[in-house]
Amino acid sequence: MVNKAYQRKSVGRVIVTGLMQAALQANITAIQLTRVTADEGVARFWQKLGFEDGNQLFLPLKAGGRLAVTTMTRLLQ
């Protein structure tokens, strides 16, 4: 989500927190995203922000094959 030079410096957390605050102001009650299933670092990032894993899906790749992705959801309050 952010350039590697800015990772682990709270930039992503600040961006997502701002997005969640703006969503609440717009009466949006949940945010759902899709992440690459195999990327555990990304999973931990979103889990720390309160997102929970949902369904696993498979996206077709242009060169053939499939990419496993997992939906994640966070209810906003």
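Reader: Is Leu67 buried, partly exposed or exposed?

Author: Start with the classes. Buried means under 20% relative accessible area, exposed means over 50%, and partly exposed lies in between (1.4 Å probe, protein chains only). Leu67 is partly exposed, at 31%. Its place is strand E3, residues 66-75. Helices (H or I, at least four residues) and strands (E, at least two) are DSSP runs, numbered from the N terminus.

Reader: What should I know about the source of the values?

Author: This is a predicted model: local features need pLDDT of at least 70, side-chain atom pairs count only at pLDDT 80 or more, and totals for chains, interfaces and linings use all residues. Residues are numbered from 1 along each chain as its sequence is written, and side-chain values use heavy atoms, with hydrogens and water left out.

Reader: In what order do the elements run?

Author: From the N terminus on, the order is α-β-α-β-β. That is two helices and three strands. The C-alpha trace spans about 40 × 30 × 20 Å along its principal axes. Of the 77 residues, 22% are buried.

Reader: Is Val69 buried or exposed?

Author: Val69 is buried, with a relative accessible area of 3%. Val69 also sits in strand E3.

Reader: How many salt bridges does a search of the whole structure find?

Author: First, the idea. Side chains of opposite charge can pair when their charged atoms come close. The criterion is a side-chain nitrogen of Lys or Arg within 4 Å of a carboxyl oxygen of Asp or Glu. The search finds one salt bridge. Arg35 and Asp53 form a salt bridge at 3.1 Å, N to O. The pair links distant parts of the chain, 18 residues apart: Arg35 is in strand E1 (residues 30-36), Asp53 in strand E2 (residues 52-60). Arg35 is buried at 6%, whereas Asp53 is partly exposed at 42%.

Reader: What volume does the largest pocket have?

Author: The grid has 1 Å spacing and covers the protein atoms alone; a pocket is an open set of points with protein on both sides within 12 Å along at least five of seven lines, and lining residues have an atom within 4 Å of a point. Points are joined across faces, edges and corners, and a volume is the space filled by probe spheres set on them. The largest pocket has a volume of about 580 Å³. It has 17 lining residues, and the closest to its centre are Gln7, Arg8, Gly41, Val42 and Phe45. Helix H1 (11-25) and helix H2 (40-48) are the elements that give two or more residues to this lining. H2 gives the most, with six.

Terms used
On a 1 Å grid over the protein atoms alone, a cavity is a set of points where a 1.4 Å probe fits but cannot get out, and a pocket is an open set with protein on both sides within 12 Å along at least five of seven lines; lining residues have an atom within 4 Å of a point.
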